[in-house]
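Trainee: I am new to this structure. Please take me through it in questions and answers.

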Amino acid sequence: MNILKKLIVPMGLLSVLCAIPSMAQITNRVTFDAPSAFYAGNAKMPAGSYTVSQPDADSNLLLIEDDKGSHGAFVEYEVASSDTPHAQSDVTFNKYGNVEFLSAIWVQGLKSEMQILPSKFEQNTAKAAAAEKHSLSAKSTEPEPPGRSQ
């Protein structure tokens with residue numbers, strides 16, 4: 001009986017450790033090139049190439065980070081459904097005067113859009129000017145398997 005008790009704890013820990021990597025896996029990423037600076041939530045991001053991923057499939061958080069790893073932000077989103085699958089991946093921005101905010105992300109083939117929840121800064125900016133929406137083409141890619149370099 002004591003041997004069984006001693007085996008249960010390590011086996012339980014082993015099963016938890018094996019499950020952790022599968023919870024963090026994402027099905028795809030979206031990449032895009034921003035020609036000008038923009039805000040993702042409260043973080044100001046410079047022009048450049050960006051990747052959007054969802055580190056935790058159980059939460060409504062997205063990670064937006066540049067290809068150099070020097071700028072990144074987590075933003076909250078909500079899902080808005082559509083009747084038809086989106087023809088291509090793209091990202092949408094709200095522009096108020098000369099200030100841009102990331103507002104939505106579409107993934108090719110999905111019937112839902114990830115709408116970024118506006119920050120307090122965007123809400124205050126929206127009071128002073130009307131939003132002009134514009135979209136940029138994006139690319140949906142599979143994440144690279146762990147241990148492989150580009």
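Trainee: Is Phe32 buried or exposed?
Mentor: A residue counts as buried under 20% relative accessible area, as exposed over 50% and as partly exposed in between, with a 1.4 Å probe and protein chains only. Phe32 has a relative accessible area of 2%, so Phe32 is buried.

Trainee: Which pLDDT do local features need in this model?
Mentor: Residues are numbered from 1 along each chain as its sequence is written, and side-chain values use heavy atoms, leaving out hydrogens and water. The model is predicted: totals for chains, interfaces and linings use all residues, side-chain atom pairs count only at pLDDT 80 or more, and local features need pLDDT of at least 70.

Trainee: How many helices and strands does the protein have?
Mentor: Helices (H or I, at least four residues) and strands (E, at least two) are DSSP runs, numbered from the N terminus. Along the sequence the pattern reads α-β-β-β-β-β-β-β-β-β-α-β-β. That gives two helices and 11 strands.

Trainee: What share of the contacts with a separation of 6 or more joins residues 24 or more positions apart?
Mentor: A contact means heavy atoms within 4.5 Å. Among contacts with a separation of 6 or more, residues 24 or more positions apart account for 54%.

Trainee: What share of the 150 residues counts as buried?
Mentor: The protein exposes about 9800 Å², of which carbon and sulfur atoms supply 56%; this area comes from the Shrake-Rupley method with a 1.4 Å probe. Of the 150 residues, the share that counts as buried is 29%.

Trainee: How many aromatic pairs are there?
Mentor: Rings of Phe, Tyr and Trp (its six-membered ring) pair if their centres lie within 6.5 Å; planes under 30 degrees apart are stacked, over 60 edge-to-face, and the rest tilted. Under this rule the number of aromatic pairs is nine.

Trainee: Which strand holds Phe38, another partner of Phe93?
Mentor: Phe93 counts as buried at 1% relative accessibility. Its pair with Phe38 is edge-to-face, at 5.3 Å centre to centre and 75° between the planes. Phe38 also counts as buried, at 2% relative accessibility. The two residues are 55 apart, with Phe93 in strand 7 and Phe38 in strand 2.

Trainee: Which side chain of opposite charge is nearest to Asp66?
Mentor: Asp66 lies in strand 5 (residues 61-66), and the side chain of Asp66 reaches the backbone nitrogen of Ser70 at 2.9 Å. Lys and Arg count as positive, Asp and Glu as negative, and His and the chain ends are not counted. A salt bridge needs a side-chain nitrogen of Lys or Arg within 4 Å of a carboxyl oxygen of Asp or Glu. Asp66 is buried yet has no salt bridge; at 5.6 Å, the nearest side chain of opposite charge is Lys68.

Trainee: What is the C-alpha to C-alpha distance between Lys111 and Ser82?
Mentor: Lys111 is in the loop between strand 8 (99-106) and strand 9 (112-116) and is partly exposed, at 45% relative accessibility. Beyond four places away in sequence, Lys111 touches residues including Ser82, Asp83 and Trp106. Lys111 and Ser82 are 29 residues apart in sequence, while C-alpha to C-alpha they are separated by 5.0 Å.

Conventions
A polar contact is a pair of N or O atoms within 3.5 Å; within protein, one must be able to donate a hydrogen and the other to accept it, and residues adjacent in sequence count only if both atoms are side-chain atoms.
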